[in-house]
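Q: I have not looked at this one before. Can you walk me through the chain and its ligand?

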Amino acid sequence: MYLHIDMDYFFAQAEEIRRPMAKGKIIVVCVYSGRTEDSGVVSAVNYIGREIGIRAGMPIAFAKKRAPPADSVFLPVDREYYAELSFRIDEIIRKRCAKTVQASIDEWNCEDDGGEAKARELRGEIKKAVGLTCSIGVAPSPLGAKMAAARAKPDGLLVLDKEGERKLIDCSPVEKVPGIGPKTAAALNEVRVVAVRDIRKLDPVMLAETFGKKSGAWLHALGSGFYGEGIGEEKEQEEVSRIGTLKEKTRDAYMVLAKLLELEKDAKEWLMEMKKSYKTVGIIFATEDLKTHTKSMSFRNPKTWGEDITKEKEALVKEFLSENPLEVRRVGIRFGNFMDLGGQTTLF
Ligand code: DCP
Ligand code: CA
């Protein structure tokens, strides 16, 4: 059996438990861009907030229009705190499930014979040790488990046997299936495929022609009730980046480079801790029109965190400024294409 564990309204619940006063209020966790007081987007919202239509991804100003000020709390994201909670939850799960893959900051996939009893134990232990609720799906396939967890939300548990899993997936609208993106869903809707079971009437050759061989075959299998197995391997982090907002919009290369130096120090600390060297460096620019651009370059030989890359950064910044006439609002630095020190490439 597979278990899928998904924390409920994770960032917002994390804020709730360290602010007992906010219990019962609408909690909106925000990524402030710093441009004006309310510019930025909603990152997470609790279920009371969702009842009045506040959603992740929505501009903060929209959310404020819906939320009565006396009953709501708007907070900035505190990623380190959430990462710390995530780490503690990860430990609890790994102690009880040998085969575990963390799928995101607040989701885990496990292969475990404990089924329902194991899921109850996990929900209890996580609540007791960390104070957070989660929802768990248990099913014969990883996809079924994930969809069962979504159905069980919030603070729920749904256990499916083969037949229950088939029913849930068959009846699900295609856009609700993890792995089917909005474009694929729209294309399927166009040929009157609304629920997963409708995919069965499509010709597999046509599916392969429209969506490519791999996705076409996957869709055909999905429609026919084959959901695949295995929770895969854990992915290594492939890059590290740090992004920050400039004190003011600027086109001054030295203002940009000063901010980059600060961000670079932080990113390089991570490289040092993880004992990685890198072969590519990229500079990210967010211009006043809210577009993001990246300039990057690769080194023939891997660089360690101790090596100076001032010249390269300067060249990238100047190149960008000469090509783009707009002012820069935010900048970032990204290191990628890692090698473990010792020369072994960790990727590919
Ligand atoms: N997140 C974000 N921006 C998004 C979506 C999510 O910053 N557009 C962050 C905040 C979420 C966390 O990732 O708390 C986990 O994402 P989920 O999609 O699992 O959403 P929640 O945990 O908030 O809610 P749910 O109870 O529906 O799982
Ligand atoms: Ca979640």
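A: One term to begin with: domain bounds here come from an automatic or database domain assignment. This is a predicted model, where local features need pLDDT of at least 70 and side-chain atom pairs count only at pLDDT 80 or more, while totals for chains, interfaces and linings use all residues. Residues are numbered from 1 along each chain as its sequence is written, chains are lettered from A and ligands numbered from 1 in the order in which they are written, and side-chain values use heavy atoms, with hydrogens and water left out.

Q: Which domains does the assignment give for the chain?
A: The assignment gives domain 1 (2-8 + 80-160), domain 2 (10-78), domain 3 (172-223) and domain 4 (239-340).

Q: How far apart are the C-alpha centres of domain 1 and domain 4?
A: Those two centres lie 36 Å apart. Along its principal axes, the C-alpha trace of the chain spans about 65 × 55 × 45 Å.

Q: How many helices and strands are there in the chain?
A: The chain has 12 helices and 12 strands. Both are DSSP runs numbered from the N terminus, helices being H or I with at least four residues and strands E with at least two.

Q: What share of the residues in the chain is buried?
A: Buried residues make up 43% of the 348 residues. Buried means under 20% relative accessible area, exposed means over 50%, and partly exposed is in between (1.4 Å probe, protein chains only).

Q: Switching to the ligand. Which residues come nearest to ligand 1?
A: Tyr9, Phe10, Ser43, Tyr47 and Arg50 come nearest, out of 13 residues around ligand 1. A residue is near a molecule or strand if one of its heavy atoms lies within 4 Å of it.

Q: Which polar atoms lie by an oxygen atom of ligand 1?
A: A backbone N or O atom of tyrosine 9 lies 2.7 Å from a ligand oxygen. For tyrosine 47 a polar side-chain atom lies 2.8 Å from an oxygen of ligand 1, and for lysine 153 a polar side-chain atom lies 3.2 Å from one.

Q: How much of ligand 1 does the protein cover?
A: The protein covers 67% of the 550 Å² of accessible area that ligand 1 has on its own.

Q: Which elements give two or more residues to the shell around ligand 1?
A: They are β1, α1 (10-17), β3 (40-45) and α2 (47-51). Domain 1 and domain 2 each provide at least three residues of the shell.

Q: What classes of residue make up the shell around ligand 1?
A: There are 7 nonpolar, 1 polar and 5 charged residues. Ala, Val, Leu, Ile, Met, Phe, Trp, Tyr, Cys and Pro count as nonpolar, Asp, Glu, Lys and Arg as charged, and the others, Gly among them, as polar.

Q: Back to lysine 153. What kind of peptide bond joins it to proline 154?
A: A cis peptide bond, with omega about -15°. Proline 154 lies in the loop between α6 and β8.

Q: Is helix α6 mostly covered or mostly open?
A: Helix α6 (residues 142-152) is mostly covered, with 8 of its 11 residues buried. Among the buried ones are Leu143, Met147 and Ala152.

Q: What covers the buried residues of α6?
A: The cover includes β1 (2-7), β7 (134-139), β8 (157-159), α7 (162-171) and α10 (213-224).

Q: What about serine 141, buried or exposed?
A: Serine 141 is buried, with a relative accessible area of 3%. It lies in the loop between β7 and α6. Leaving aside neighbours within four places in sequence, serine 141 is in contact (heavy atoms within 4.5 Å) with Tyr2, Glu165, Tyr227 and Gly228.

Q: Which residues other than glycine have a positive phi?
A: Lysine 275 is one of them, with phi near 55°, and asparagine 337 also has phi near 55°. Lysine 275 is in the loop between α11 (253-274) and β10 (276-287), and asparagine 337 is in strand β12.

Q: Where do those two stand on exposure?
A: Lysine 275 is exposed, at a relative accessible area of 54%. Asparagine 337 is partly exposed, at 33%.

Conventions: Polar contact = N/O pair within 3.5 Å; in protein donor to acceptor, adjacent residues only side chain to side chain. Areas by Shrake-Rupley, 256 points an atom, 1.4 Å probe, with all protein chains shown as cover.
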